[in-house]
Amino acid sequence: MLTGAGYELNGVTGEGIVDDFRPNGGPATAPTSAASGAYEEDAFAGNWSDTAYAICATP
């Protein structure tokens with residue numbers, strides 16, 4: 001069971017935008033993970049990453 005979630009952008013400070021962040025699951029299924037998606041606001045020559053975090057506990 002998902003109890004908390006978040007994301008982290010690395011290496012793209014001020015130039016990256018998270019436009020999608022969602023847990024899985026649904027009305028009858030408790031969420032157990034999270035996913036995020038990001039893009040560059042302006043052209044960026046460096047390497048960067050987007051990491052989603054899920055904090056889970058057993059019910």
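Leaving out neighbours within four places in sequence, Arg22 touches Ser33, Ala34 and Ala35. The model is a predicted one. Its protein chain has four strands and zero helices, and Arg22 sits in strand β2, which spans residues 16-23. The structure contains one salt bridge, and Arg22 forms it with Asp20.

**Overall fold and shape**

- In sequence order, the elements of the protein chain read β-β-β-β.
- The protein chain has a radius of gyration of 14 Å, whereas the globule rule gives 10 Å for 59 residues, so the chain is more spread out than a compact globule.
- Along the principal axes, the C-alpha atoms of the protein chain occupy a box of roughly 45 × 20 × 15 Å.

**Surface and contacts of the chain**

- Of the 59 residues in the protein chain, 10% are buried.
- The protein chain has an accessible surface of about 4100 Å², and carbon and sulfur atoms account for 52% of that surface.
- When contacts in the protein chain between residues at least 6 apart in sequence are considered, 54% of them link residues at least 24 apart.

**Arg22 and the salt bridge**

- In the salt bridge between Asp20 and Arg22, the closest N and O atoms are 2.2 Å apart.
- Asp20 has a relative accessible area of 31%, which lies between the 20% and 50% cut-offs, so Asp20 counts as partly exposed.
- Arg22 is also partly exposed, with a relative accessibility of 44%.
- Gly6 lies 16 residues from Arg22 along the chain, and the C-alpha atoms of the two residues are separated by 9.6 Å.

- Glu8 belongs to strand β1, which covers residues 2-10.
- The relative accessible area of Glu8 is 33%, and the residue is therefore classed as partly exposed.
- Apart from neighbours within four places in sequence, Glu8 is in contact with Ser49, Asp50, Thr51 and Tyr53.
- One of these residues, Tyr53, makes a polar contact with Glu8 through the side chains of both residues, at 2.8 Å.
- Ala52 is 44 residues from Glu8 in sequence, while the C-alpha atoms of Glu8 and Ala52 are 6.6 Å apart in space.

How values were computed: Residues are numbered from 1 along each chain as its sequence is written. This is a predicted model: local features need pLDDT of at least 70, side-chain atom pairs count only at pLDDT 80 or more; totals for chains, interfaces and linings use all residues. Side-chain values use heavy atoms; hydrogens and water are left out. Helices (H or I, at least four residues) and strands (E, at least two) are DSSP runs, numbered from the N terminus. The radius of gyration is taken over C-alpha atoms; the globule rule is 2.2 Å times the number of residues to the power 0.38. Buried means under 20% relative accessible area, exposed over 50%, partly exposed in between (1.4 Å probe, protein chains only). Contact means heavy atoms within 4.5 Å. Accessible areas come from the Shrake-Rupley method with a 1.4 Å probe; for residues, only the protein chains shown count as cover. A salt bridge is a side-chain nitrogen of Lys or Arg within 4 Å of a carboxyl oxygen of Asp or Glu. A polar contact is a pair of N or O atoms within 3.5 Å; within protein, one must be able to donate a hydrogen and the other to accept it, and residues adjacent in sequence count only if both atoms are side-chain atoms.
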